[in-house]
Number of protein chains: 4
Amino acid sequence: MRNKKVLAITGIRSEYDILYPVIDALRNSGNFNVKIAVSGAHLSDWHGNTVKKIEEDGFEIADRIDCLLMTNRKTQRAKGVGLLIQALAQTVEREDPDLILFVGDREECIAATVVGNYMDVLVAHIGGGDPVYGNADDPIRFAGSKLAHIHLVTAKPYAENLKRIGEEEFRIFFVGNPAYANIANTPRVPLEDISQFLDFDISDSRYVVLLKHPLSSEKESAYEQMKVTLQATEEFAEENNIKIAGIYPNTDPGSYDILNAIEELKSDKIKFFKTLPRNIFINLMRNTMALIGNSSMGILEAPFYKLPVVNVGNRQKGRLNAGNVEFVGYDIELIKKSLHKACFDVDYRKYIAGLENPYGDEKAPEKIKDILLSINLNDSKWYVKKKLC
Amino acid sequence: MRNKKVLAITGIRSEYDILYPVIDALRNSGNFNVKIAVSGAHLSDWHGNTVKKIEEDGFEIADRIDCLLMTNRKTQRAKGVGLLIQALAQTVEREDPDLILFVGDREECIAATVVGNYMDVLVAHIGGGDPVYGNADDPIRFAGSKLAHIHLVTAKPYAENLKRIGEEEFRIFFVGNPAYANIANTPRVPLEDISQFLDFDISDSRYVVLLKHPLSSEKESAYEQMKVTLQATEEFAEENNIKIAGIYPNTDPGSYDILNAIEELKSDKIKFFKTLPRNIFINLMRNTMALIGNSSMGILEAPFYKLPVVNVGNRQKGRLNAGNVEFVGYDIELIKKSLHKACFDVDYRKYIAGLENPYGDEKAPEKIKDILLSINLNDSKWYVKKKLC
Amino acid sequence: MRNKKVLAITGIRSEYDILYPVIDALRNSGNFNVKIAVSGAHLSDWHGNTVKKIEEDGFEIADRIDCLLMTNRKTQRAKGVGLLIQALAQTVEREDPDLILFVGDREECIAATVVGNYMDVLVAHIGGGDPVYGNADDPIRFAGSKLAHIHLVTAKPYAENLKRIGEEEFRIFFVGNPAYANIANTPRVPLEDISQFLDFDISDSRYVVLLKHPLSSEKESAYEQMKVTLQATEEFAEENNIKIAGIYPNTDPGSYDILNAIEELKSDKIKFFKTLPRNIFINLMRNTMALIGNSSMGILEAPFYKLPVVNVGNRQKGRLNAGNVEFVGYDIELIKKSLHKACFDVDYRKYIAGLENPYGDEKAPEKIKDILLSINLNDSKWYVKKKLC
Amino acid sequence: MRNKKVLAITGIRSEYDILYPVIDALRNSGNFNVKIAVSGAHLSDWHGNTVKKIEEDGFEIADRIDCLLMTNRKTQRAKGVGLLIQALAQTVEREDPDLILFVGDREECIAATVVGNYMDVLVAHIGGGDPVYGNADDPIRFAGSKLAHIHLVTAKPYAENLKRIGEEEFRIFFVGNPAYANIANTPRVPLEDISQFLDFDISDSRYVVLLKHPLSSEKESAYEQMKVTLQATEEFAEENNIKIAGIYPNTDPGSYDILNAIEELKSDKIKFFKTLPRNIFINLMRNTMALIGNSSMGILEAPFYKLPVVNVGNRQKGRLNAGNVEFVGYDIELIKKSLHKACFDVDYRKYIAGLENPYGDEKAPEKIKDILLSINLNDSKWYVKKKLC
């Protein structure tokens, strides 16, 4: 049997971190030829030019697709999808893949599925069925599911959600969160080395990681929300002799305002980083006391680390919570109180350490490899959806 | 209360015929300012340059968006969607509409909903929930429904389908097929005049209308399928002294092959027309003995005319059948037999005349006008989908 | 020395016929790796889908770039250039060529030179310096020359023209018309075989070739001009027992109107062909009595065949005339008179057979190969134009 | 006579400052209807979101065209031109202007002229014929001149340059630099107020303005070149008790590296500003001791202020020098010496104050208004270039 040709699409570092262990497993199996179409924030110097990491990981890049427009207006993402679809269709025609593979709910989700649908190429989607709402990404995720041919879901309830919206059962596979393999495979780095790398001393383990993105439906408040978060975090840090390691936001509308709030920071207990090498970031997460902000990592990855999370604001609301995430509004005192509980309440931390993880374990990449291997490319059932609702 | 600003999107004549009575009702109410973004086949001389008809109907054209690429390859529609999204985002930003309105399941469906989703503009979709499958358009229709904010469905079972895929009930309205208003409002034209207009004598009412499009999943057979259909039709016409009035296909991949089959026709009993004025076409339908081919008209409009339909092949399969459509494969004898029953079996024709129409009546445009008028643009429930599955 | 990587750009059959012998010579030399970016009319079924010929010629296709929009409006070519530039930049980044190579004055001219200019890739232009005017292509040719780095001109006076507009002398090379190599290399085919292939009997050599394109500055008259040309040609054919072998026009605005005029033809002495295999076309030209229309072939290729040409209208005016082209207005009697002279005036035909050809001979491809081989890619003089006027 | 419809295109603040007095004069004359297509850096929050200033100036915005991609790769500008052409063609078709108007040599130059050429709309170009070389913009300026229909040049030698490259004399008008009107019309602001606005005390007039852009052909050295410039400037400032007011660079490739160098600055004698209100900037220039960097302002505007300029590096080389610009390489001592002469050498400053300005005076906008008013839109000589070389 000839190798299956897989074209993976990736647009941003956070999503590539989930994709990486999967395509690494595919390539290592010897049964797949993998190429990557790299787009969006990966190609932006303002976002760390993370295409370099993909090159270092040794994957062949099928095309570099520019689709991130330099504006904060609402046209940015819509036009970006248009650009991505156009260019991706050119790539897909040339590469003629058996499978298009992508993760999540961003521009790549709708672009990959639209192209696959019109060009009769099978599309495998990692991460469907997640019922989170409030961001422009969320309906995109479900629209993508109506177009994708193979659903690789990260939690069992998500599989049920996809059946509910009419997807045929034979297309749906529970695999768990692929990022866990990534984490499990990353060697441990001493905190001293990390401190040195960051030029930020956290060697005593007294630190919290901060990761906050804009919420598109609350774009106008992005600056104010970040200011409140930063003030609460800063006060907590000062009062408890804690350091805060912050990561820059994604590129969604409102991110510019968040960057402005970050620029106004003065405390030396807080330091922000543009983008971090994967091994540094994972070890940072392994050793942190807690995670604060509104990143999907709190929901999706923190359970694997047995990590308490303070989620500020509405982003991530409605998603499947392993029990480790506490939601809190934009209230300085409440944020501080919640942080205190996460960092210092022994019983609460013991409870979280004992939770069962609905997002599976580190075996997702192997499962995905087996599933994609088993797909009979000549069986028309995969291509035409005979049941749409 | 200020008028609501509506931006309607249209890409092809057949879909504009459904849109027209709706935007006509909106404008006549005095409560809406309507502009139209005209795209795709409307701007092609090869498809009758039907933008002229939109101008004659007196609507202001917000922009002419070129997105129909001159190729028969599978890239055509994918890239076309990319072009349409990019250009439409520019139009939407400038026009700043309260509502984006569109019909159906073609490129406009996914483009309008993607743009509305990322730009926070309400999108109203006419024609969701239809469970037809087999064409690239069908999953697009449902992906569009996951993104659209207001669902104006043409049959009651379709409303149920949308609830099933997780759409909130308050967003879903059964209105019926708007094209019926169009039909009802069209003055009668004597068949003699139509014969003269067409330069094709059908004044004795002994004729059948033929409308056949390619099915994207069977694109490779498009030529052969059309040849079989034409041979059956031609033989039936010769044997029963019937005329066949054919209409050119849409622009989907495979259409070029269908045009080739048409070009090889020799019989003077069959004549094909590029595009017909609406009043001519409706009167042609009013007087025809039957409809043959695989157009959605057989399912959607023929019940209003009480017209028997012979649907050749898989296109339209799975759609709600009022009872007037008989499906038949690509078999010359079976097609002829089915045509004979449709044209000459008195009991069958009486049965069809008595069927109840699940697609409603001519009141859809008025209902849509009332619904859109009632939408409170300041109520956030319309913009953010709190339930996605 | 490693091979030089050449990316050739082509958009239409007529221009590819000039490009082909050059890239064939490059590849046969063993010193170049050649890939082709195929765009525009090559990908259109309406224009013969000539990308197939490029595949048959054995070249690797770097990308298929859709940029031909299906409309007759003036937006067509402008938007097409935009599409071509965007897609070509993606191709150029991936392929990382040492040289971009193209022919002529169409969309590829401005797209290739803009991309090369901004991406610091050397661009070699075949066909600069030709002072023809009146078509939208003509200023594009000169704008392209201001951006191209290496000028391979087809006539000595053209080299002077490029110096006059400020191009540095070391960039300019007279090579002659590459199409002649193509012609010289084509085996002879008996007229009987050609007649059979065309299903059009011209075996007695009594025929004239007709090739007429729209002139963008006279787009509105395209239909009327074609009607006059066809009537004159038809009358001449009837009166002198001559056949007319016509070729379909290019895709410029107005071409649709020309096609309409062709469709109305009734005479069996005239037959039109969509696109012809190269060997058929060349043998058609070798044996024809004359060429009529306004194709650049009259100016550029007919001298090699020693062929008299009747050029109808303003297109091609101002170009270097070897002496074989007679210009005539849209006047039926004058056209017929001019055709008569071209076909039957023995002295005139002898005079034309003896003309010297300013467009060189069949050695152009070899000369271009030697020139490109000699370019030192590390010499910055090629990249930065230190003299622009 | 009806008003002429003018569509102006602008992409960046520096170029809009030249365009503004012209379109202000057109609108104030009452003989023109002016709209603006706003694109590129104007729409970027990273570049000050200067579209707001255009709105404040009271012009109607025809469209906001996103064409600035968020990357530092060489694809950025090429793809940006593609995007701009596509979108602008849509705008031009809708607005149907009599004249397209633009300034300079950036993406707008080639986009506006390509669109005008293919769509038969007259294009007026302010700023042609300038023989500067070394940047990707320079050949674009001349390519644009081969396509533009009306040349409004800012210096008499530039008019000669355009004749030399084959442009017809009747198309060429010497008008001078329109920015001077802008400067002349700006009210004086006391340095105390400016110091307060900038939060940077320069009230004693002891300051120099620094404006440094990347040079695309030396993109790789952008960071190093800026470091040298900053070190020299900083030392000069410290040694002579001078302040340095810096302005952020444009968006060309390499700009990101320049921003990195700026971020590493530590001296409190230097402060950088993203973008400044026009009246602040002009008063800053009126009072500065000198200008340093490589901005075109040194060549083009400084003579009007009678200002000595230290131009570091190759950018601007070859341009018409009024005598006020001294070129110096990336050598710290030489830069400092040159700055010292510019600021403190009394004879040198007297010499510069007495120079004649080849770029005209503040009357350019009025002259342009009269020229455009005089154009007979029905005269075909403007549309078709009968002489191209």
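Reader: At what angle do helix H8 and helix H11 of chain C pack, and how far apart are their axes?

Author: First, the ground rules. This is a predicted model: local features need pLDDT of at least 70, side-chain atom pairs count only at pLDDT 80 or more, and totals for chains, interfaces and linings use all residues. Residues are numbered from 1 along each chain as its sequence is written, while chains are lettered from A and ligands numbered from 1 in the order in which they are written. Now the helices. H8 (residues 191-198) and H11 (residues 278-287) of chain C pack at about 125 degrees, with axes 10 Å apart. Axes are lines fitted to C-alpha atoms, for helices over the stretch in contact, and angles run from 0 to 180 degrees between N-to-C directions. Helices (H or I, at least four residues) and strands (E, at least two) are DSSP runs, numbered from the N terminus.

Reader: Why are H8(C) and H11(C) called oblique?

Author: Angles under 35 degrees count as roughly parallel, over 145 as roughly antiparallel, 65 to 115 as roughly perpendicular and the rest as oblique. The angle here is about 125 degrees. H8(C) and H11(C) are therefore oblique to each other.

Reader: Which residues of H8(C) and H11(C) meet?

Author: C:Leu191, C:Ile194 and C:Phe197 in H8(C) meet C:Ile280, C:Asn283, C:Leu284 and C:Asn287 in H11(C). Contact means that C-beta atoms, placed from the backbone, lie within 7 Å. The contact residues divide into 5 nonpolar, 2 polar and no charged. Ala, Val, Leu, Ile, Met, Phe, Trp, Tyr, Cys and Pro count as nonpolar, Asp, Glu, Lys and Arg as charged, and the others, Gly among them, as polar.

Reader: What makes H9(D) oblique to H14(D)?

Author: The axes of H9 (residues 222-240) and H14 (residues 332-344) of chain D come within 9 Å and cross at roughly 50 degrees. That makes H9(D) oblique to H14(D). Among the residues that meet are D:Phe236 in H9(D) and D:Leu339 in H14(D). The contact holds 6 nonpolar, 2 polar and 2 charged residues.

Reader: Which crossing is left-handed, and which is right-handed?

Author: H8(C) passes H11(C) in a left-handed crossing. The crossing of H9(D) and H14(D) is right-handed. A crossing is left-handed if the near helix is turned anticlockwise from the far one by less than a right angle, and right-handed if clockwise.

Reader: What is the strand order of the open sheet in chain B?

Author: The 7 strands run S3-S2-S1-S4-S5-S6-S7, with parallel pairing. Strand S3 (60-65) and strand S7 (172-174) of chain B each have a single partner strand, so one side of each is left without a neighbour in the sheet. The twist averages 20 degrees from one strand to the next.

Reader: How do you know that S6(B) and S7(B) pair?

Author: Two strands pair if DSSP finds at least two bridges between them. Here 3 bridges join S6 (residues 150-153) of chain B to S7(B).

Reader: Which helix gives the most to the side of chain A that touches chain B?

Author: H3(A), with 11 residues. In total, 40 residues of chain A are in contact with 41 residues of chain B. The chain A side divides into 22 nonpolar, 8 polar and 10 charged.

Reader: How many residues of chain A are in contact with chain D?

Author: 14 residues of chain A are in contact with 14 residues of chain D. The chain A side divides into 6 nonpolar, 4 polar and 4 charged.

Terms used: Contact = placed C-beta atoms within 7 Å.
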